[in-house]
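Welcome! Here is a short tour of a ligand site and a helix, written to be read alongside the structure.

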Amino acid sequence: MSRTSWMSVGRTLTPRQTSLLTVLSFLTPLILWSVVSYVPWIWHPQVLIDDAGGSTAMAVGNRVERSRFVEENAALAVAGKPLASGTPVNPVFLPAPDAVAKALYNAFTTPPRRGDMWLHQSLWHSIKIIAWGFAIAACIGVPLGIACGVWAFSSRLVEPFVDFLRYMPPPTFGALALAVLGINDEPKVAIIVIGILFNMILVVANTTRLVDRGLIEAAQTLGAGNRKLVTRVVIPAILPNLYNDLRIFLGVGWTYLTIAEMIGASSGISQFINQQGKYRNYDNVFSGIIVIGLVGLVTDQVLAFIGRFLFPWTGKTNGPGAIAVWRILTFVPATLFRLVGRSFRRSQP
Amino acid sequence: MSATLAPLPFSTPSLTPEEIANRFVRLRQRPVAMEVQNLGKRFQTPQSASGKGGEAVALNNVNFQVYRREIMTVIGPSGCGKSTLVRILAGLEQASSGRVLVDGKPVDGPGPDRGMVFQAYTLFPWLTVLKNVMFGLSMQGIGHDEARSQALQWIEMVGLERFAENYPHQLSGGMKQRVAIARALAAKPRILLMDEPFGALDPQTRAQMQSYLLQIWQNVNITIVFITHDLDEAVLLADRVCVLGAADESHPGGHLKTIMDVHLPYPHDVDVLKDPRFLEIRRQLDELVHPRRPLALDRLPIVKMTQRGDEVG
Ligand SMILES: Nc1ncnc2c1ncn2[C@@H]1O[C@H](COP(=O)(O)OP(=O)(O)OP(=O)(O)O)[C@@H](O)[C@H]1O
Ligand SMILES: [Mg+2]
């Protein structure tokens, strides 16, 4: 394959190339991570003590900086005591891929400590918070945004103040939300709503303003009145773009999740991650982070995929490439799902 | 409305000049479908870096009448205000002065009595061809089944019945404009306004579309105002050609130069293009639209940028 076929400006790649690059984009960080974890002379700044020798400063199972280990051993050698031995390791906050994979598997299969939640329970709780926050924001933001895009009146009335509000970081509303809404899930949902809503109004208004004036004028010469113009021309015209906007805002919701869940009684996947961080189970921390990423990515891709069926008139067809990408993206979660299902069935009496 | 077109009768070159002239007498006896009175349009131009902003006069005191079931073409140099004129007729733009009357009533905003076909393709991309053509009918509160059967007849009339369930992005440019014409006509306007509808089409398709339009016009109760900058098209389609001039010493903006009766055998068809009378009318129009200027004025101040000996002629 010639270089130009990979690098030509503004051209789409073949389905094969697309799938290959998608795999590569996930594989490259994974390979880097594996190299840092498994090749002993790359990084590995600490030494895990296997045998303390004559040292009183180090004990078996300790992690010490490599320079200190060397100094200590030099001192032991001078004193004529037996030398300590150990293996080079990475700091505890960078677990190896296999440790994280095991943790991920265990998180779904072994019961957590008493009082803690299963990973999937935490996750489900988080998903519910996001879903509520997103739904409420969309119910207010979409109609308001469309109104602002359609009528200069509502645009001038609403947009300046919203523009002012959206510069305030949502967490600053945390204390207020707690005072008004109590310490359960409501303030968390409120933070997500605040994080999404103001930008959503402005973005939807802008999307609406981009409707081809020619279509509106054509409808007017066909006898469409003001109301029909909105319902029969503006709304159908913006639907594909609106759908994409909402997809992006669902992603924005996830970015506010961690902050939202720290407000009041902390909960959900962020609480799981924080808790595991306190226990210094960094493999669990990683599995929590990866699960968030996967859930986000999969929902987004599912929505993108559905989007192509929803709007056949945009002319973007579902080639075999789209389906290949879909398979690749869903491989990990689908396998996980199967595994979890199997272990559930096994654990049932 | 007839679903199938009557075969287009060949124009009869044997018509005497008197018979042709009589046709224009009869034409002027028809009711006035649209009347343009002292129409003017000024645009506010924004403050520019070089000078201060102000007003640009697009149209200046335009007067004419369009009679029922006539085709009037409007021609003029680029920027003389043709689009502005037709947009005011459609009600999409407000006149700065003067007014437009349709059947004696002043125009106030767009309405289904004046259909429009735009130069840019303005089919609704989310609707199939059939639904596009049904749009105007359902805006008028006509029930789905009735709208559907009427729309199908119009689609058949423009020869696109095989594409009724297709989306606009699956059609060629010429097909899109045929759907646009069907969509405009289906709403049963009194007047059809067309702003360079065939401008983006290749000559072959364009000739085909002109022939379609003439056939439709003969079979449908419709008055047409057709904007173009193509002289052949203007003469071929028109009963009368309205010539607009660009701003000059005596006129601050686009203005009406003349309205010319096209004394040609009727009904027109593409054969007329070879008629010597056609060529004569076309020549007269050409002089009106593109007045002769001393050639020296047209010399471009270009510095030679090629090598010596590389002359092209
Ligand atoms: N919205 C506007 N604001 C300011 N000036 C405008 C506007 N629309 C048109 N004009 C000006 O009015 C004049 C007439 O424009 P118009 O588009 O009607 O020309 P036209 O005859 O249709 O030209 P063409 O043959 O190139 O389509 C031009 O000088 C143009 O600059
Ligand atoms: Mg124009």
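## The shell around ligand 1

Helices here are DSSP runs of H or I with at least four residues, numbered from the N terminus. With that in mind, helix α2 (residues 82-90) of chain B gives the most to the shell around ligand 1, contributing three residues. Please keep in mind that this is a predicted model.

The ligand's surroundings consist of F43(B), A58(B), S78(B), G79(B), C80(B), G81(B), K82(B), S83(B), T84(B) and E196(B). By residue class, the shell around ligand 1 has three nonpolar, five polar and two charged members.

Which residue places a polar side-chain atom 2.7 Å from an oxygen atom of ligand 1? That is S83(B). Backbone atoms take part too: a polar one of G79(B) is 2.9 Å from an oxygen atom of ligand 1, and a polar one of G81(B) is 3.0 Å from an oxygen atom of the ligand. On its own, ligand 1 has 640 Å² of accessible area, and the protein covers 58% of this.

## A largely enclosed helix

Let's move on to helix α3 (residues 129-139) of chain B. Nine of its eleven residues are buried, so α3(B) is largely enclosed by the rest of the structure. The buried residues are V129(B), L130(B), N132(B), V133(B), M134(B), F135(B), G136(B), L137(B) and M139(B).

What do these buried residues pack against? Their partners are α9 (213-221) and α10 (226-261) of chain A, along with α4 (144-157) and α5 (173-186) of chain B. After α3(B) comes G141(B), with a positive phi near 80 degrees.

Definitions and conventions:
Residues are numbered from 1 along each chain as its sequence is written. Chains are lettered from A and ligands numbered from 1 in the order in which they are written. This is a predicted model: local features need pLDDT of at least 70, side-chain atom pairs count only at pLDDT 80 or more; totals for chains, interfaces and linings use all residues. Side-chain values use heavy atoms; hydrogens and water are left out. A residue is near a molecule or strand if one of its heavy atoms lies within 4 Å of it. A polar contact is a pair of N or O atoms within 3.5 Å; within protein, one must be able to donate a hydrogen and the other to accept it, and residues adjacent in sequence count only if both atoms are side-chain atoms. Accessible areas come from the Shrake-Rupley method with a 1.4 Å probe; for residues, only the protein chains shown count as cover. Helices (H or I, at least four residues) and strands (E, at least two) are DSSP runs, numbered from the N terminus. Ala, Val, Leu, Ile, Met, Phe, Trp, Tyr, Cys and Pro count as nonpolar, Asp, Glu, Lys and Arg as charged, and the others, Gly among them, as polar. Buried means under 20% relative accessible area, exposed over 50%, partly exposed in between (1.4 Å probe, protein chains only). Contact means heavy atoms within 4.5 Å.
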